[in-house]
Amino acid sequence: MSPRDLMGNLPRGKLVVLLFFCYWVFAVTASVTYDRKALTIDGKRRILISGSIHYPRSTPEMWPDLIQKAKDGGLDVIQTYVFWNGHEPSPGKYYFEDRFDLVKFIKLVQQAGLYVHLRIGPYVCAEWNFGGFPVWLKFVPGISFRTDSEPFKAAMQKFTQKVVSMLKEEKLFEAQGGPVILSQIENEFGPIEGRLGAAGKNYAQWAAKMAVGLDTEVPWVMCKQPDAPDPVIDTCNGYYCDSFRPNTKYKPRMWTENWTGWYTAFGGAIPRRPAEDLAFSVARFIQNGGSFVNYYMYHGGTNFGRKSGLFITTSYDYDAPIDEYGLLNEPKWGHLRGLHKAIKLCEPALVSADPTVTKIGMNLEAHVFKTDSGACAAFLANYDTKSAARATFGNGQYDLPPWSISILPDCKTAVYNTAKVGSSTGMEMTPVDGQFTWQSYTEEPASSSEDDTFTKYALLEQVYATWDSSDYLWYMTDVNIDPDEAFIKSGESPTLTVMSAGHVLHVFINGQLAGTVYGSLQNPKLTFSDSVKLTAGNNKLSLLSATVGLPNVGSHFETWNAGVLGPVTLHGLKEGTRDLSQQKWSYKVGLKGEALSLYTASGSDSVEWAKGSLLAKKQPLTWYKTTFNTPEGDDPLALDMISMGKGQVWVNGQSIGRHWPGYIASGRCNDCNYAGNYTEYKCQTYCGDPSQRWYHVPRSWLNPSGNFLVVLEEWGGDPTWISLVKRAAKTVSVYA
Ligand code: GAL
């Protein structure tokens, strides 16, 4: 019987007594509880080290190895979000297979002897398409996202219940003998709650109550939620959380997202976070009484298919301790493993004592945890960003590099310092022998006379038209030009201006590409404005608008727009400026090649492919296909797409994601000094190079021979320079 069943219609006084009783029963019987010091599992307070691995960002074949590497790295817990739009692609039609086999993933973690922190959300942010929301949710009548809206709450509750009941059936919660020790509802709602007024507050309280009512018998957290109501624990996210305090004295200090690096956006540089600073941030949190740290991400992985958020690259490497390909990112992985070992040696003192903090010099502090039973652990910190220090502590002297913490699990011997990192040779991409032999098929820009078009005397919002079934929407209209127009004789050209809410626009006039413009993560909107060649009579204007993932951060997702919202104008005519926005537009969702499934071996037979000297190069809207054999060995594989512009790649019918090496990274790639507060603008790499050049091809998607590789290129590229590469540790020359 659940506490709610017990409540029935009791009078108020009795209800209060009963609630106390229930709370007491919960505290005694639940196998995971907490107090101000830590989570308690099976009666034992624990210092827990956790790491995020998002199951759909790798293949099920990669999961056991990733989990094992996490365990070997000293993790106790694997944290993952649950990705609603992957699990409920259309209302009530659930999908929990392959990369979305949540139960299998959790069971693998359990088999490895680790715990799970399940962040159900179901809003997840996570640089994931639409923050994890299914796009159909936008079209539920009267809905308003992430606020006190009945249709939204009903859908959120239904999905959360679905996940919880699935896990209960599989006995995956701790009290049932399973690995799930912790859950999360919502995600970083606190910062936007204030803007929504009473509706925001009501929604946050409702979400907490709804989650607790699911009787999972494990604690729930709400990250960045200072008003999380009891018994929900509010937790910290960020690069540092040492000064974080939960909202009551009886909740433990928990850090749900310690960002191990940062994501890459197309057009942005690739961020790196130094291992020294990451380790420093963790030690600093623990020495301040922190008891749970999660690395976001421990393995970032890949945004396969069309699952990345707005302008987010296909790679979600994140500079995590395990790299995108599943290899150890050294020296980060090893450096953190050392840290975890040192922290674990301190665990008996950490869970029992509160720290005594003393200043032991300029910018120097000692945090000492000493128990009555004789356990003692000390953390010696040097906060100076420039100078090393020699600190005197007890009877010893300790050398502390700048911005570092030494850990002394017996209050005497420094077993670890956060700034002393081992060396590493790094990774390289080596081309595999053999070249691809390509065939090409160039599709014509769509025209209004085709099937599958519909018309409107208006410009349509893109997601409204596509429901995100494709990145692409064609906007087509006719432009009639009077033979008497002066520009026809003078040879001058009128100016076409197209205003779009984003994200990429290819302008075709009479079948010819007249230009391409695109936005960025910071500003997805764009304007095309250029002189265009028009002839007397009827001209065909075809605008191909493409989305690059739907935004994943913020509130009121139902109001966000993409596509050509206008105005669309033609300037320099006899009549002055002609506004085309309200005239008749024809629409077509998706590309022809998508409709024909050219990315599958059988679908590709439906068109004629060119080869040899007829191979299309630098042509927009071109599909390329080839086959290849799988190289021997087990080094991870990638495609080097350096010579290509933008599009999508499939291997054996599976999308490995969007490629866009044509988008060059801008940023500040300065020197990287680990000391001092980190932000994602520090330690950027690859400025002036493509934001993403290499694209992961999971080995488990390959057959030994005859793999079918298809590239859709929308800008124009030369496929003859695409190569298959292996990723492996650099070989160091003995003569170096
Ligand atoms: C957090 C968010 C995560 C992720 C992260 C940036 O604010 O909770 O889901 O988006 O930022 O990688």
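Which residues is His117 in contact with, leaving aside its neighbours within four places in sequence? The first legend answers this, and the others turn to further parts of the predicted model.

Figure 1. His117 lies in strand S6, which covers residues 115-121. Leaving aside neighbours within four places in sequence, His117 is in contact with Val77, Ile78, Gln79 and Thr80, with Leu182, Ser183 and Gln184, and with Val221, Thr256 and Phe292. The relative accessibility of His117 is 0%, so the residue counts as buried.

**Figure 2. The protein chain as a whole.** The secondary structure of the protein chain consists of 14 helices and 39 strands. Its C-alpha trace spans about 95 × 80 × 50 Å along the principal axes. A compact globule of 736 residues would have a radius of gyration near 27 Å, and the 28 Å of the protein chain agrees with this. Of the 736 residues, 59% count as buried. Among contacts with a separation of 6 or more, 73% are between residues 24 or more positions apart. The accessible surface comes to about 29400 Å², and carbon and sulfur atoms hold 52% of this area. The protein chain carries 69 positive and 73 negative side chains; the centres of the two sets lie 5 Å apart.

Figure 3. Beyond its neighbours within four places in sequence, Leu167 is in contact with Leu102, Ile106, Leu118, Leu172, Phe173, Gln176 and Val180.

**Figure 4. Helix H5 and the residues at either side.** Helix H5 covers residues 102-111. Which residues of H5 are buried? They include Leu102, Val103, Phe105, Ile106, Leu108 and Val109. An α-helix has 3.6 residues a turn, so residues three or four places apart point the same way. H5 is followed by Gly113, which has a positive phi, near 85°. In the loop between helix H4 (84-87) and H5 sits Asp98. Phi of Asp98 is near 50°, a positive value in a residue other than glycine.

**Figure 5. Asp98 and Asp468, each with a positive phi.** Most residues other than glycine have a negative phi. Asp98 has a phi near 50°, and Asp468 has a phi of about 60°. Is Asp468 buried or exposed? With a relative accessible area of 11%, Asp468 is buried, whereas Asp98, at 36%, is partly exposed. Asp468 is found in the loop between helix H11 (462-466) and strand S23 (472-481).

Figure 6. Most peptide bonds are trans. The bond from Tyr296 to Met297 is cis, with omega near 5°. Met297 belongs to strand S12, residues 292-299. The bond from Glu330 to Pro331 is also cis, with omega near 10°. Pro331 is placed in the loop between S12 and helix H10, which covers residues 332-352.

**Figure 7. Tyr240 in the loop between S9 and S10.** Tyr240 is placed in the loop between strand S9 (233-238) and strand S10 (254-259). What does Tyr240 contact, leaving aside its neighbours within four places in sequence? The list holds Trp255, Arg273, Asp277, Ser281 and Trp403, along with Gly676, Asn677 and Tyr678. Thr630 is 390 residues from Tyr240 in sequence, and the two are 43 Å apart in space, C-alpha to C-alpha.

**Figure 8. Trp701 in the loop between S37 and S38.** Trp701 is found in the loop between strand S37 (694-697) and strand S38 (707-713). Its relative accessibility is 8%, and the cut-off for buried is under 20%, so Trp701 counts as buried. Not counting residues up to four places away in sequence, Trp701 touches Thr59, Arg99 and Phe304, as well as Asn652, Gln654, Ser655 and Ile656. Ser469 is 232 residues from Trp701 in sequence and 23 Å from Trp701 in space, C-alpha to C-alpha.

Note on methods: Residues are numbered from 1 along each chain as its sequence is written. This is a predicted model: local features need pLDDT of at least 70, side-chain atom pairs count only at pLDDT 80 or more; totals for chains, interfaces and linings use all residues. Side-chain values use heavy atoms; hydrogens and water are left out. Helices (H or I, at least four residues) and strands (E, at least two) are DSSP runs, numbered from the N terminus. The radius of gyration is taken over C-alpha atoms; the globule rule is 2.2 Å times the number of residues to the power 0.38. Buried means under 20% relative accessible area, exposed over 50%, partly exposed in between (1.4 Å probe, protein chains only). Contact means heavy atoms within 4.5 Å. Accessible areas come from the Shrake-Rupley method with a 1.4 Å probe; for residues, only the protein chains shown count as cover. Lys and Arg count as positive and Asp and Glu as negative; His and the chain ends are not counted. The place of a charge is taken as NZ of Lys, CZ of Arg, CG of Asp or CD of Glu.
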